[in-house]
Amino acid sequence: MARNEEKAQSMLNRFITMKAEEKKKPKERRPFLASECRDLSEADKWRQQIMREIGRKVAEIQNEGLGEHRLRDLNDEINKLIREKSHWERRIVELGGPNYAKHSAKMTDLDGNIVDVPNPGGRGPGYRYFGAAKKLPGVKELFEKPPELRKRRTRYDIYKRIDASYYGYRDDEDGVLERLEGPAEEAMRREAAEEWRRLDEVRREARKGVKSGEVAEVSAVAREMLREEEEEVVEEERQREKEEEREKREFIVHVPLPDEKEIERRVLEKKKMELLSKYVSEGLMEEQTEAKDMLNIQR
């Protein structure tokens, strides 16, 4: 019984649906050209219809399991609808409506960053990729940023940021270093002064003990200090003797050395004699020498 009632109910539902469709007006088709539309409300309605179609197809293209060919076809269809939407938006502006293109969504890469869409035509949006189409082979590389080439710094770039504060010449200007080193410096000075007083007292006691002949009572520290003083005196004597020997070994020239003019004159005379000996006979040379002796000429 329930089976027949279900059948009847199903037939009734079909009949009611059919009658409702008969009462409806014939379904209007979207004009092929946006310029054919003369009504602003109609143009806005067709734009909304295109937006719904784009939304359905964008939701479908998110599925990565559709296959490469289906994803490419869906992406082409979405781009076609986007171009058609831009035509209707321009038509709406021509009819006195709002400019929807001014607030349109931007294209983003896989990380969500806005990407400029290249458009060789210069009008309307360029070709875009949506959903899983961004990960297709040959498309993923378009969204990858080229690796940043790290420019190697030159020596000039390194040294132009270096000033006096880099070498620590301005550490005392802020006063921080002085506050930190002040107590430590005072403590070191105090310790050095106390050590010097202690050694001075030990040195005096040792000298007194040596002078009075009480060598046995002199402490080991005093004896060590006296020995160090003796070694210092002996070392100074040795250094003095070495300096005296070095002064004795220095060679002193007592012969006057010729200056530059004298050297030039002698070199010139030597060259002149070589030329004379080469081109003048010995007899002529002897006659010239005798003539110079007779006239008392030195040169």
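Where is the place of Ser86? Ser86 sits in helix 3. Hold on to that residue, as we will come back to it. One thing before we go on: this is a predicted model.

Let me start with the whole chain. The protein chain has 9 helices and 0 strands. Read along the sequence, the pattern is α-α-α-α-α-α-α-α-α. The chain has 299 residues, and buried residues make up 15% of them. Now the contacts. Take those in the protein chain with a separation of 6 or more: residues 24 or more positions apart account for 54% of them.

Next, helix 2. It covers residues 40-61, which is 22 residues. At 1.5 Å a residue, helix 2 should span 32 Å.

Which residues of helix 2 are buried? They are Ala43, Trp46, Arg47, Ile50, Glu53, Ile54 and Ile61. These residues cover an arc of only 120 degrees around the axis, which puts them on the same side of helix 2. Look at the other side of helix 2, and you find Arg56 and Ala59 exposed. What do the buried residues of helix 2 pack against? Their partner is helix 3, residues 68-94.

Nonpolar side chains tend to be buried together in soluble globular proteins. Here, the largest nonpolar core has 20 residues. Which residues have the most contacts inside it? Ile54, Ile61, Ile78 and Trp88 do. Helix 2 and helix 3 each supply at least two residues of this core. The largest share, 7 residues, comes from helix 3.

Take Ile61 as an example. Leave aside its neighbours within four places in sequence. Ile61 is then in contact with Leu71, Leu74, Asn75 and Ile78, among others. Its list also includes Phe130, Gly131, Ala132 and Ala133.

Now a charged residue, Arg47. Arg47 is found in helix 2. Is Arg47 buried or exposed? Its relative accessible area is 8%, under the 20% cut-off, so Arg47 counts as buried. Again, set aside the neighbours within four places in sequence. Arg47 is in contact with Lys85, Trp88, Glu89, Ile92 and Tyr100. The charged end of Arg47 sits over the ring of Tyr100, 3.7 Å from its centre. The charged end of Lys45 sits over the ring of Trp46, 4.4 Å from the ring centre.

Back to Ser86, as promised. Ser86 is buried, with a relative accessible area of 9%. In sequence, Ser86 and Arg47 are 39 residues apart. In space, they are 8.8 Å apart, C-alpha to C-alpha.

Follow the chain on to Asn99. Asn99 lies in the loop between helix 3 and helix 4, the latter being residues 140-143. At 37% relative accessibility, Asn99 is partly exposed. Asn99 and Glu89 are 10 residues apart in sequence, and their C-alpha atoms are 6.8 Å apart in space.

On to the aromatic rings. How many aromatic pairs does the structure hold? It holds 2. One is Tyr127 with Tyr129. Their ring centres are 5.1 Å apart and their planes are at 70 degrees, so this pair is edge-to-face. The other is Tyr166 with Tyr167. Here the centres are 5.2 Å apart and the planes are at 90 degrees, so this pair is edge-to-face too. As for accessibility, Tyr127 is partly exposed, with a relative accessible area of 33%. Tyr166 is exposed, at 57%.

Last stop, the end of the chain. Helix 8 runs over residues 260-279, which is 20 residues. From its first C-alpha to its last, helix 8 reaches 29 Å, close to the 28 Å expected at 1.5 Å a residue. How many residues of helix 8 are buried? The number is 0, so helix 8 lies largely in the open.

Then comes helix 9, with 13 residues, 282-294. At 1.5 Å a residue, helix 9 should span 18 Å, and its end C-alpha atoms are 18 Å apart, which agrees. Asn296 follows helix 9, and its phi is positive, near 60 degrees.

Methods:
Residues are numbered from 1 along each chain as its sequence is written. This is a predicted model: local features need pLDDT of at least 70, side-chain atom pairs count only at pLDDT 80 or more; totals for chains, interfaces and linings use all residues. Side-chain values use heavy atoms; hydrogens and water are left out. Helices (H or I, at least four residues) and strands (E, at least two) are DSSP runs, numbered from the N terminus. The expected span of a helix is 1.5 Å times one less than its number of residues. Buried means under 20% relative accessible area, exposed over 50%, partly exposed in between (1.4 Å probe, protein chains only). The arc is that of the directions from the helix axis to the C-beta atoms. Contact means heavy atoms within 4.5 Å. A nonpolar core is a set of buried Ala, Val, Leu, Ile, Met, Phe, Trp, Tyr and Cys residues joined through side-chain atoms within 4.5 Å. Rings of Phe, Tyr and Trp (its six-membered ring) pair if their centres lie within 6.5 Å; planes under 30 degrees apart count as stacked, over 60 as edge-to-face and the rest as tilted. A charge sits over a ring if NZ of Lys or CZ of Arg is within 6 Å of the ring centre and within 35 degrees of the ring normal.
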